[in-house]
Amino acid sequence: MSNKRRAVPGIRHYDGPAGGWGALKATAIAVRTQMDTLDAPATLLRTNQPDGFDCPGCAWPDKEHKSTFQFCENGAKAVTWEATSKRVTPEFLAANSVTALLEKSDFELEGYGRLTHPLVYDPASDTLRPVEWEQAFARIGEILRGLAPEEVEFYTSGRASNEAAYLFQLFARELGTNNFPDCSNMCHEATSTGLPRSIGIGKGTVSLDDFDKTELVISIGHNPGTNHPRMMGTLHELARRGVPIIVFNPLRERALERFADPQSVIEMATYSSTDIASTYFQVKAGGDAAALKGIAKHLLALDAQRGGVLDAEFIRTHTEGFEDFAADIRATGWDAIEQESGLTRAQLESVATAYAKSNATIITYGMGVTQHNKGTANVRLIADLLLMRGNIGKPGAGICPLRGHSNVQGNRTVGITEKPTPAFLSRLEEVFGFTPPSKHGHDAVMATQAMIAGQAKAMLCLGGNFAVAMPDHAQAFPAMQKLDLSVHVGTKLNRTHLLVAKETYIFPCLGRTELDLQQTGRQSITVEDSMSMVHASSGKLKPASPLLLSEPAIVAGMAKATLRHSKVAWTELIADYDRIRDLIEKTIPGFTDYNQRIRVPGGFRMPLPPTERVWPTASGKAMFSVFHGVDENAKGEGEQTLRMITLRSHDQYNTTIYALDDRYRGVFGRRDVLFMNEGDMAQLGLEHGDRVDIATALPGSDQRLEDITVVAYNIAPGSVGAYYPEANVLVPLNYLDEDSGTPSYKSVPVRVTLRSKEIRPLEAKAILSFTPNPDRPTVRP
């Protein structure tokens, strides 16, 4: 940062690489503040090991399944956050009303520690009180039996295991609903919608072995150092091998620039680092489709000039729709592409030239691609680009969507979807003897809308922090409080738990790190990583409380109490999780010999037909797409309008905030900041450290986030960044990708206005505070 900028509390330049000694220091702090120092080393060494537990921190796969010191800084934070020695006891809850707890920050709420008892909300005292498990299950069953099935919402977080998620969907479908809002609806639903249309499945096609063979990686819209940190080891290897890594991202993210591997003796001893990105393009927020079309446009031109650039044989044999796709690309003008992407024609042509030279290319992407009102189109354009050169179904090539949570992909595989296929429903009926509902249910946005309208009466949350993760808190928060019943399964308190309904239950569950003992002994659960590997996970730590139940046991307890004449042997399934896996094997293709294969270190890979150039589409071929939106969007939203991206800090995982620092971006002890391009600041008459208000610039919207501090940052012109979930108040509930229903967290049109010269700069840090029934969240100093 320039020395001429005014000093702003909590904002200082950070010049170190990602990883390195900073990561080791942060890991040590996490261990010291959360865990018994005698337990911590053994616990961390069991992370991602064959007889250990799967890291709850991200979905990147593990190359080695043996006892190596293979965990990252953010993985260590996730583990110590769960394995903390801090406890939320009945005595603490009796002394702190729900209203008082709602005044605490999200960071403070989770920081109190692990829940120890099943809880019920007592409106007379406004407190959460202990309740017996069976009493709670019985009351939940009584309420659910009094509701129509379509009035009940079943929410699933990506932390849930395959076994818990399968039982959850079984419970809902035997009850009679396909209402399955889940965390995928808020992140990678555009992948789950777009990729089946393009290649026949909603999953990536690459493996870690492909990264060993690739000649080029194009990285779009993700920040691996924070959101999928184990990927940094793979990128580090590629960079040191000289493989070009071309990055498209609105912000300059440190982990994509320089990384020091904490497990590299040389880099740690010499304080050196490795450059990651060979080229870095700061695409404008929401400009990914335009950039992709620009690359494709030059590929077509190169092929016309010299031939052989496109894989004509692959296109002819394996695809349909190429001519329509190519006609649309040719018709899209460079002026529109440049305006919408924020990149020059020369820059995009250079990417196309590099791509044309590569014999094997992988494109990785994250929520910077999916969380847009054209997220599905973005995903399909990435697939189109790969299909042009036959880069799906050959070694070293393919598409790689980066799932954040450790089992969000597995949940979808085992049936957590509001749009089940007839074949899946038929198998459920055949195996279990009940007729599941065929009508499509609610996704996350539809569930919230149903709650607002009073059409949804109950919500059962298998993990997560639903209301906080959703857009438009001014509507989402009161919607939770209108319910007749809310049930939350989790390890710690969060804000959604405290948005109490007429009746609210909070059920503490075992974490990944903890020993799960059932009638037949120690149990393992399974998860699926972002490359479709399914493997076992088994904790060994003593549970945080003797009253904790496992997620499968809690689901089964509610189901058994609700479904009086159930066709499912719930008690027997919980006695031995192998029995749950046997049922998954009978009803879901790809799980043949499930129990045998998860006992092999590393597990097994789910079938991925496109890797064999088999396309499970309606036509039996990969399908090119046509997207006309670039020219329309290039008309702009007005000179004073910027596009806001919601961001996670480095000390954060989804809605969980480990600390108030964002080390790599130079933010310490606060989250009330707006990252802005200096050119945009000058145009608006703003200075580094000014306090501003942000308003959503969409018709009919009056959403605001007030008293936020401007921080000058290397971000694409026309784009601003603010922290998630605080900035979710600016995202309208209906501003989404119409194809997938994904909210547009990454490209909300906003206007930024200075509050007053008299109150700048900010003299003390501010933390976002939410009131129980807010008109909108505010910032208090």
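Let's start with a cluster: ring pairs link Trp-133, Phe-137, Tyr-505 and Phe-507. Here, rings of Phe, Tyr and Trp (its six-membered ring) pair if their centres lie within 6.5 Å. Planes under 30 degrees apart count as stacked, over 60 as edge-to-face, and the rest as tilted.

A word on the source. This is a predicted model, where local features need pLDDT of at least 70, side-chain atom pairs count only at pLDDT 80 or more, and totals for chains, interfaces and linings use all residues. Residues are numbered from 1 along each chain as its sequence is written, and side-chain values use heavy atoms, with hydrogens and water left out.

Back to the rings. How many aromatic pairs does a search of the whole structure find? The search gives 22. Take Phe-154 and Phe-180: this pair is tilted, at 6.2 Å centre to centre and 50° between the planes. The two residues are 26 apart and link distant parts of the chain. Phe-154 is in strand 6 (residues 152-156), and Phe-180 is in the loop between helix 8 (162-175) and helix 9 (189-199). Helices (H or I, at least four residues) and strands (E, at least two) are DSSP runs, numbered from the N terminus. Both Phe-154 and Phe-180 are buried. Buried means under 20% relative accessible area, exposed over 50%, partly exposed in between (1.4 Å probe, protein chains only).

Next, Tyr-724 and Tyr-745. Why is this pair edge-to-face? Because the planes are at 80°, with the ring centres 5.9 Å apart. Both residues are in the loop between strand 30 (719-723) and strand 31 (748-754), 21 residues apart. Tyr-724 is buried at 5% relative accessible area. Tyr-745 is buried too, at 1%.

Now charges over rings. The test is NZ of Lys or CZ of Arg within 6 Å of the ring centre and within 35 degrees of the ring normal. Arg-252 has its charged end over the ring of Tyr-280, 4.2 Å from the centre. Arg-671 lies over the face of Tyr-723, at 4.8 Å from the ring centre.

Last, strand 7, residues 216-220. 5 of its 5 residues are buried, so the strand is largely enclosed by the rest of the structure. One side carries Leu-216, Ile-218 and Ile-220; the other carries Val-217 and Ser-219. What does strand 7 pair with? Strands pair if DSSP finds at least two bridges between them. Strand 7 runs parallel to strand 13 (residues 361-365), joined by 5 bridges. There, Val-217 has Ile-362 as its bridge partner. Strand 8 (residues 245-248) also runs parallel to strand 7, with 4 bridges. Ser-219 stands opposite Val-247 in strand 8.
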